[in-house]
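Please open the model in your viewer and keep the selection panel at hand. The tour moves from one selection to the next and says what is found at each stop.

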Amino acid sequence: MKERPHTGAPFAERIPGPADDPDFMRETLDEAARAGVHDDVPIGAAIVREGAVIARAHNRREVDGDPTAHAEVLAMREAARVLGRWRLLDCALYVTVEPCAMCAAAAILARIALVVFGAPDEKAGAIRSAAELFDASWANHRPRWRYFAPAREESERLLRDFFAAHRAQPS
């Protein structure tokens, strides 16, 4: 049996605690709403370091024509640019919906310390729902994660409204 790698990353002095979640999740919800301007699925993300948002993004797959332009990936790219480094060990990722496999793997590879999400994704969520990538034996880093249930209703409403509007439109 393979020995599992060290769990838990060394944390910076100030990784957000549960008391910080409402403010940072509000940032992601506001960002998610911006995705509708260019007809993208309303998911928003923010990267937090030392108590401040250093990067934020929303889905841009449609407007950019890029299948990897998920909110989480774009926010991590911006945070790396701002910090001048790819290792985000001292950062937390806030996102409205549980990350998919691509985004969860990107969080692992970026060495994100903590992921906080507002709504589970039973079909594609890769932290605790459809898969549990943060517990994968191959992972060389294991971000901590937290589900922020108070954001679930608004996160799901944004998605429900978006898809209802698209189903109503003729193809």
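Two strands pair if DSSP finds at least two bridges between them, and helices (H or I, at least four residues) and strands (E, at least two) are DSSP runs, numbered from the N terminus. This is a predicted model, in which local features need pLDDT of at least 70 and side-chain atom pairs count only at pLDDT 80 or more, while totals for chains, interfaces and linings use all residues. Residues are numbered from 1 along each chain as its sequence is written, and side-chain values use heavy atoms, with hydrogens and water left out.

Select the sheet to begin: five strands form an open sheet with mixed pairing, in the order 2-1-3-4-5. At its edges are strand 2 (52-58) and strand 5 (144-147), each of which pairs on one side only.

Next, select strand 3 (residues 91-97) together with strand 4 (residues 114-119), to which it is joined by five bridges, the two running parallel. Leu93 stands opposite Val115 in strand 4.

Stay in strand 3 and pick Thr96. Because its relative accessibility is 1%, Thr96 counts as buried (under 20% relative accessible area, with exposed over 50% and partly exposed in between; 1.4 Å probe, protein chains only). Leaving aside residues up to four places away in sequence, Thr96 touches several residues, among them Met25, Pro42, Phe117 and Ser155 (contact means heavy atoms within 4.5 Å).

Finally, select helix 3 (residues 71-83), which lies across strand 1 (44-49), strand 2 and strand 3.

How values were computed. Axes fitted to C-alpha atoms, helices over the stretch in contact; angles between N-to-C directions.
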